[in-house]
Amino acid sequence: MNILFPEIGKLVLSFDFRSITDERKIVLQPLIDFVDFKNKNNLEIRLNFICTHNSRRSHLSQVWAQTAAYYYNIKNVSCYSGGTEATAVFPKIAEMLTNSGFKIKKLSEDTNPIYAIKFAQNENPIIGFSKKFDDDFNPTDSFAAIMTCSQADGDCPYVAGAEKRFPITFEDPKIFDNTLQQDEKYMERSLQIATEMFYVFSKVKT
C-alpha cells in the first residue's frame, strides 16, 4: 500500500467496510467490476463523477476515489468530476478535506476558484474546480460516468462518450447549510464517500 499524508493515512485505518450495508454493496459492485476488468487488462481507468452543480458530492467522490486508487496501488486511474451545470466548489468541501489531512492550495480567487489538492508528498495534486461533465478538462470517451446525485441521474439519462454509467448517489449535505449541524453532516458525508471509494478499490485484484 502506498503512503498517504499521515493524517489521511490514520483516517483510512479507521474506515470500517462492515458499515456498508449489503444493499449498498450491490450498488457499488458494478463499479468494482468495471475497475477490476480495466485493471486486469492493463487499460486506462477513467472515472467521471457527475452531480448537478459539481460543487459538493462529485468533488468528494473524485478526490477520495483518486486517493483510494493510489493507496491500493491501482495503476492508470484518472478521476474527474463534472456537473449538469458549472457553479463553484462549495468552500466547506475544501475545509472538510483539509481537516482530513489533504494539503490544499487555492490557485485562483474568482467566482469559480481552482484548487490543487494533494494526498501524498510526491504525487501530482488533483485539480478541483466546478465544470460541466463534458468540459474540455474531462475525458470525451472510454470513461465511466458515476452519477452521485439522483437529480443528475434523472436529468442525464445519456452521457455522451461514457462507456458505462453507474448511479451511485449520496444524500446532499447542502440541506444542512447554515445550521448547527453543518460541519458534522459535511464530514459525515465525506467519510461515507471515502469509505465506499476505499471499499471499491480494496476489491480490485492486483
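Trainee: What order do the strands of the open sheet have?

Mentor: This is a predicted model: local features need pLDDT of at least 70, side-chain atom pairs count only at pLDDT 80 or more, and totals for chains, interfaces and linings use all residues. Residues are numbered from 1 along each chain as its sequence is written, and side-chain values use heavy atoms, without hydrogens and water. Strands are DSSP runs of E, at least two residues, numbered from the N terminus, and two of them pair if DSSP finds at least two bridges between them. The open sheet has 4 strands with parallel pairing, in the order β2-β1-β6-β7.

Trainee: Which strands are the edge strands?

Mentor: An edge strand pairs on one side only. That holds for β2 (77-83) and β7 (162-167).

Trainee: How many bridges join β1 to β6?

Mentor: Strand β1 covers residues 45-51 and β6 covers residues 143-147. Asn 48 stands opposite Ala 145 in β6. The two strands run parallel, and the bridges joining them number 4.

Trainee: At what angle does helix α3 run to β2?

Mentor: Helix α3 (residues 57-71; a DSSP run of H or I, at least four residues) lies across β1 and β2. Angles run from 0 to 180 degrees between N-to-C directions, with axes fitted to C-alpha atoms, for helices over the stretch in contact (heavy atoms within 4.5 Å). For α3 and β2 the angle is about 180 degrees.

Trainee: How many residues of the lining of the largest pocket are charged?

Mentor: Asp, Glu, Lys and Arg count as charged. The lining divides into 11 nonpolar and 7 polar residues, and the charged ones number 2.
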